[in-house]
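My notes follow in the order I looked things up.

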Amino acid sequence: MPRLNVGDKVKILPAMETAFIGAEGLVNEIQPNDRGIRDLDRYVVQFKWGEKKTFYDAQLMRIET
C-alpha cells in the first residue's frame with residue numbers, strides 16, 4: 001500500500017541526485033510497485049510551474065499542512 005496519497009504536498013529529498021532537490025509539489029499520480037515493495041512505489045509530482053516529474057518513495061517527504 002502506498003505511503004502517500006494523491007493531493008499530498010511533498011518535498012523532494014536528496015536521496016538520489018536530481019535538480020529538484022528541495023522543491024515542493026503535489027502528488028498527482030501513484031504508480032505502486034508490481035511486487036508490493038513500498039520503497040519502489042513511484043509518485044508523479046506536479047510542481048507549481050506545471051511540470052510533472054516521477055520520483056521513488058524514498059525521494060519524497062510529506063509536508064504537513
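Entry one: the sheet. I am working with a predicted model. I find five strands in an open sheet, ordered β4-β3-β2-β1-β5. The pairing is antiparallel. I checked the edges next. They are β4, residues 52–56, and β5, residues 60–62. Each of these edge strands pairs on one side only. I also looked up the twist, which averages 45 degrees from one strand to the next.

Entry two: β2 and β3. How many bridges join strand β2 to strand β3? I count six. Strand β2 covers residues 24–31, and strand β3 covers residues 42–47. The two run antiparallel. I then looked up partners across this pair. Leu 26 has Gln 46 in β3 as its bridge partner. Gly 25 stands opposite Phe 47 in β3.

Entry three: β1 and β2. I moved to strand β1, residues 9–12. Three bridges pair β1 with β2, again in the antiparallel sense. Val 10 has Gly 25 in β2 as its bridge partner.

Where does Gly 50 lie? I find Gly 50 in the loop between β3 and β4. Is Gly 50 buried, partly exposed or exposed? Its relative accessible area is 38%. Buried means under 20% and exposed means over 50%, so Gly 50 counts as partly exposed. Last, I looked up its distance to Gly 25.

Definitions and conventions. Residues are numbered from 1 along each chain as its sequence is written. This is a predicted model: local features need pLDDT of at least 70, side-chain atom pairs count only at pLDDT 80 or more; totals for chains, interfaces and linings use all residues. Side-chain values use heavy atoms; hydrogens and water are left out. Two strands pair if DSSP finds at least two bridges between them. Helices (H or I, at least four residues) and strands (E, at least two) are DSSP runs, numbered from the N terminus. Axes are lines fitted to C-alpha atoms, for helices over the stretch in contact, and angles run from 0 to 180 degrees between N-to-C directions. Buried means under 20% relative accessible area, exposed over 50%, partly exposed in between (1.4 Å probe, protein chains only).
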